[in-house]
Amino acid sequence: TGTLLYAKNIHQKQYPASTTKILTALIASEQCQMDEIVTFSHDAVFDTPRDSSHIAMDVGQELTMEQSLNAILICSANEVCYAVAEHISGTTDWSVFAGMMNARAEELGCLNSHFANPNGLPDENHYTTAYDLAMIGRSFFANEMLCKITLTRRMEFPVTDKLPLGKLENNRMQIIPGNQYAYKYLVGCKTGYTDDARSCLVSCAERNGMKLICVVMHDESPYQYEDTIAL
């Protein structure tokens, strides 16, 4: 319903890290067919820091949009976010897609956000708030497909001509079923972490017909899970 049950510093600007990806994935789900082909450019591959989350895609390789959303939400793959942004905006200039993100965020009720890239890699002009992530979360968690992807324990892509080795990755979000902090009422979730953002978690749970969205930002591991479950 949008009713606030608990709030603390909800309009304080914070770095969202990879929780950014719920907005990128939401826009992709709204604008694209799942069988569209996403091709990886030089920029998408090589602008992604090697020490950040990625699935080692190479230039010229291809994924479907459905596979891309799986890579983004299960593996937090930064190069896949870039490729999807290029696919939708038609340019390797990330600011074009960022403009689309900012427009959609405003439509969703965000008040104090500015997105500069599709993946949440560090940028002083890329920030949001707990309140704004909850507003984005309302639409994200209303999408059954996106929620289901986030709870998938393993991402498995078959070998193709444009993906010669296939891909196999496990979902490392500890709140999903089968992992350490598994929460049985969970509907969907997305984690984020950078040195500046610390540990972030946007999630949704449902019990007895009541659905709650929880946003935890700038927390210290493993409290992003413990605090979320307590809330």
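Which element supplies the largest share of the lining of the second largest pocket, and how many residues does that share hold?

Modeller: The model is predicted, so local features are used at pLDDT of at least 70 and side-chain atom pairs at pLDDT 80 or more, while totals for chains, interfaces and linings use all residues. Numbering starts from 1 along each chain as its sequence is written, and side-chain values use heavy atoms, with hydrogens and water left out.

The strand β5 supplies the largest share of that lining, with five residues. β5 spans 186-194; strands (E, at least two residues) and helices (H or I, at least four) are DSSP runs numbered from the N terminus. The second largest pocket has a volume of about 610 Å³. A pocket here is an open set of points on a 1 Å grid where a 1.4 Å probe fits, with protein on both sides within 12 Å along at least five of seven lines; a lining residue has an atom within 4 Å of a point.

In the second largest pocket the lining counts 31 residues, and S18, S53, S76, R172 and Y193 lie nearest the centre. Besides β5, at least two lining residues each come from α3 (65-75), β4 (167-170), β6 and α8. By class, 15 residues of this lining are polar, eleven nonpolar and five charged.

The largest pocket holds about 1300 Å³ of space. Its lining has 41 residues, and closest to the centre are Y6, I213, C214, V215 and L231. β7 makes the largest share of that lining, with ten residues. By class, this lining has 25 nonpolar residues, nine polar and seven charged.

To return to your pocket, the picture is a lining of 31 residues, with β5 as the element that gives the largest share. Polar residues account for 15 of its lining positions.

Definitions and conventions: Grid points are joined across faces, edges and corners, and a volume is the space filled by probe spheres set on the points. Ala, Val, Leu, Ile, Met, Phe, Trp, Tyr, Cys and Pro count as nonpolar, Asp, Glu, Lys and Arg as charged, and the others, Gly among them, as polar.
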